[in-house]
Amino acid sequence: MAANVLLTVATRKGAWLYHADTERKAWRVDGPHFLGHIIHHLVLDPRDGRTLLAAAKTGHLGPTIFRSTDLGRSWQEAAQPPAFAPATNGERGRAVDHTFWLTRGHADEADVWYAGTSPQGLFRSEDGGVSWQPFSILNDDAQYRKWMGSEQDGTPDGPKLHSIIVDPRDATHLYVAMSGGGVHESVDGGRSFIPLIDGLEVVEGFDPADASFHDPHCVRLCPSDPDRLYQQNHCGIYRLDRPLRRWENIGKSMPKAVGDVGFPIALHPRNADVAWVFPMDGTSVWPRTSPEGKPAIYTTRDAGATWQRLDAGLPQNQAWWTVKRQAMTADRLEPVGLYFGTTSGELWMSGDEGRQWSCIARHLPEIYAVEAATLA
């Protein structure tokens with residue numbers, strides 16, 4: 001059977017699947033799925049190539065997880081979605097508003113998944129997404145709860161735990177990020193976490209040593225070099241080369257007129273020096289639009305020393321949409337395909353690493369997340 005590319009698209013009012021062969025010239029649409037439901041993330045499990053998990057917030061079921069084992073032909077709701085442990089000793093409990101981020105477990109852990117929620121919580125499933133349990137110290141540790149802030153703090157749709165990363169070399173080595181609350185690392189399978197915030201800037205007037213003031217937007221680990229991470233942050237773009245613990249601000253080399261504020265970041269599957277970002281207007285009022293209504297991807301091919309604008313095929317003016325933190329991704333083909341979804345419901349792709357762009361779909365609901373996979 002010929003290989004094909006699958007795009008999973010999660011939106012404010014449902015989810016869609018887009019299929020193409022490896023030429024990526026024509027796309028077949030499958031959807032909508034869950035029409036009218038908020039789908040924050042839709043992820044294919046590459047360990048079997050057919051299981052999909054969808055993080056949903058529905059009007060009648062509330063926050064839940066749906067699972068398909070046949071590439072979306074049928075769906076079942078999780079028997080036990082992510083939920084915080086009940087409060088004890090008269091304390092005020094927390095309730096999951098929505099599951100925001102889904103991450104497959106290590107390749108050697110066939111049925112393990114992780115989920116990050118709003119408000120900030122970390123959960124794990126060991127049965128392929130059927131049931132979920134609170135995971136690690138993060139949910140209830142007093143120091144972490146302080147760093148998380150109140151449920152009224154953070155992003156407009158609520159604070160969240162995201163960017164859950166499993167080191168492909170070691171299932172016990174994990175990274176997570178919290179908005180707000182910073183970036184954290186575990187080397188013991190989640191039994192403990194340590195802040196990883198050195199070198200990261202915060203909004204002027206706040207203490208950068210306090211993790212609660214840090215707002216990472218998206219953290220990615222390089223597929224070709226698991227010792228390198230990139231981060232798009234509320235206050236810049238950063239790179240970290242382990243075993244160092246101090247992030248380097250590579251957003252300073254972005255054009256001053258564009259700035260280094262944004263949400264998503266995508267990485268090349270085979271070259272750790274190559275990354276792509278989508279800048280957002282970062283002026284004082286934070287309109288959350290493309291700068292001057294002229295959207296563009298920016299790429300670095302030298303680990304952040306320099307950046308190049310890529311806008312061929314994109315609107316040249318009066319395009320005020322932007323791209324959310326989960327809504328830009330790269331496939332693993334040669335040349336690499338790039339994909340992003342916009343807040344105005346357009347799905348864009350480039351089959352040549354961003355040099356030329358074309359629109360796959362228009363008039364979708366606001367796009368929350370886009371993931372790419374290659375199927376055998």
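This is a short tour of one predicted model, stop by stop.

The model is predicted, so local features need pLDDT of at least 70 and side-chain atom pairs count only at pLDDT 80 or more, while totals for chains, interfaces and linings use all residues. Residues are numbered from 1 along each chain as its sequence is written, and side-chain values use heavy atoms, with hydrogens and water left out.

**The largest pocket**

Select Pro 46, Arg 104, Pro 223, Arg 332 and Glu 371, the closest to the centre of the largest pocket among its 35 lining residues. The pocket has a volume of about 1200 Å³. A pocket here is an open set of points on a 1 Å grid over the protein atoms alone, where a 1.4 Å probe fits, with protein on both sides within 12 Å along at least five of seven lines; lining residues have an atom within 4 Å of a point. The volume is the space filled by probe spheres set on the points, which are joined across faces, edges and corners.

Next, colour the strands (DSSP runs of E, at least two residues, numbered from the N terminus). Among those that each supply at least two lining residues are β1 (4-11), β8 (98-104) and β28 (367-375).

**A sheet**

Move to the open sheet of 4 strands, in the order β4-β5-β6-β7, with antiparallel pairing. Its edge strands are β4 and β7 (76-77), each pairing on one side only. Strands pair if DSSP finds at least two bridges between them; β5 (residues 52-58) and β6 (residues 62-68) are joined by 7.

**Aromatic rings**

Now show Phe 278, Trp 321, Phe 340, Trp 348 and Trp 357, which form one aromatic cluster. Rings of Phe, Tyr and Trp (its six-membered ring) pair if their centres lie within 6.5 Å; planes under 30 degrees apart count as stacked, over 60 as edge-to-face and the rest as tilted. Trp 321 and Phe 340 make a tilted pair, 5.9 Å centre to centre with 40° between the planes. Trp 321 is in the loop between β23 (308-310) and β24, and Phe 340 is in β25 (residues 338-341), so the pair ties together parts 19 residues apart in sequence.

**Charges over rings**

Finish at Arg 94, whose charged end sits over the ring of Phe 84, 4.1 Å from its centre. The charged end of Lys 160 sits over the ring of Phe 100, at 4.8 Å from its centre. The rule requires NZ of Lys or CZ of Arg within 6 Å of the ring centre and within 35 degrees of the ring normal.
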